[in-house]
Amino acid sequence: MRRRPTALLTRIVRAAAVPVLVAAAVLTAAAPAQAASLTQVTGFGNNPGNLTMYAYRPDGLPSNAPLVVALHGCTQDANGYYTNSGWKKFADQWKFAVVFPQTSAANAANACFNWFLTGDTARGQGEPASIKQMIDYSVANYGTNPARVFVTGLSAGGAMSAAMLATYPDVFAAGSIAAGLPYRCATSQVNAYTCMYGPVSKTPQQWGDLVRAGYSGYTGPRPRVSIWHGRSDAVVVPANGTELRDQFTNVAGVSQTPTSTSSLPAGTTMEVYGNDAVRLYQVANMGHGTPVDPGTGADQCGTAAAYFLDTICSAYRDALFFGLDGGSSGPGNPGEPGAPATPAGLAVTGTTASAASLSWGAASGASGYHVYRNGSRVTTTALGGTGYTDSGLTAGTTYSYAVSAVNSAGTESARSAPVSATTTGGTTPPVCVTATNYAHVQAGRAYQSGGYAYANGSAQRMGLYNTFYTSALKQTGPNYWVIGC
């Protein structure tokens, strides 16, 4: 087991009045059989980030279900986040799987994800690579939908959530960052505190450039992002929330001026940017933690504990933002009370190798429309917009689309009947390269760490990093290589 540099986040421990409570449930070694309990999973990959995988699959989980990755904060663990965050309730209700990666004091003091270490915030390396391996395992073994993967996290886990969105934008449909920090705000222990208490001030373009560098050359669609921050957070100051807003609105190519502002329970303000590409939730009088709202109401969830603060159920809002509501507003089902009419006449008007164009009829009472691809919302059109072109798609691939109407209060109708669109063209044969491990690294197909070479993307260990070891690598995606041709 490798040890990692001591994290510079001890203030988080001092800020808590009591330690995070850990439920008494026994976590057993995973077996492929499904069980409605939190289960440890072993053998999910070579695990370069030295993380532990826990998974929750509700009974009756259908094939092609969504997958949520939930990252705990410092001094927490997977079981505490599973128990208190509220995600279990909605996984049971709407039938999606949740993976809870866990770090430990062996990686960083106070069991923090290493959100500020360069080797743990890069694509194909360290902790992000381990989390990606957990996702790949879930798709392969649980049958989850690779097009409906989401990430959420608190504090150091929130900052790691930002890192996952930056380094794997091709993997996630959307993500949520609670009390987190911008991607690459810090790159060492020395400046971690500056980000937490400062914060670091950059222009939106500078922040956006950091995210774009997380997967250089990527031109596909960017994940939608939800940001949560307490206005009284003294551990990760609230300015980090607005810096995150600047970072991800710039990446999305939308203005830093909100298109709408709403008031929600517990003194929460929600600002929406662009076509719902980014949301910023700011909770009045809330300190450092995940917003929860214990109770049995439809919009309530979670348990109050250290860093789980009784305000508003963020998991509920994020599950809706991710489009995880299991068809509760789907075709043939009623929309929310007071909702506008359901759009009719959804049709595919054209396709190319990388785009699909849609049109639909205007709905009474609508001020805009949500467009869903494979069950996940991809955009919100403005008033009068009854068409949309979805770009950045894969050639020769079939996508399912549906549309709902939304009024000025944000109330959503039922979704339309779905239509399918198949992009033109097809896949090209995988690229296979046989070379020395040294040559692979020099060509950018692999990276070296500790004297060994690892394939980019899959992080599979290829052997010693030198000119004497030869490996065959196959490219299966942008900057994603696996051993063997």
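Here is a short tour of this predicted model, stop by stop.

Before you click: residues are numbered from 1 along each chain as its sequence is written. Local features here need pLDDT of at least 70, side-chain atom pairs count only at pLDDT 80 or more, totals for chains, interfaces and linings use all residues, and side-chain values use heavy atoms, with hydrogens and water left out.

**Confidence.** Colour by pLDDT, the predictor's confidence in each residue from 0 to 100. The protein averages 86, and 88% of the residues score at least 70. Now select 1-34: pLDDT is below 50 there, yet the stretch has 90 contacts beyond near neighbours in sequence (contact means heavy atoms within 4.5 Å). Residues 327-335 also sit below 50, with 19 such contacts.

Strands are DSSP E runs of at least two residues, and helices H or I runs of at least four, numbered from the N terminus; two strands pair if DSSP finds at least two bridges between them. Zoom in on strand 24 (residues 470-477): four bridges join it to strand 25, and Lys-474 has Val-482 as its bridge partner.

**Two asparagines.** Pick Asn-50, in the loop between strand 1 (39-41) and strand 2 (52-56). Its phi is positive, near 60 degrees, and Asn-50 is buried at 10% relative accessible area (buried means under 20%, exposed over 50%, partly exposed in between, with a 1.4 Å probe and protein chains only). Finish at Asn-110, whose phi is near 70 degrees, in the loop between strand 4 (97-102) and helix 4 (126-142).
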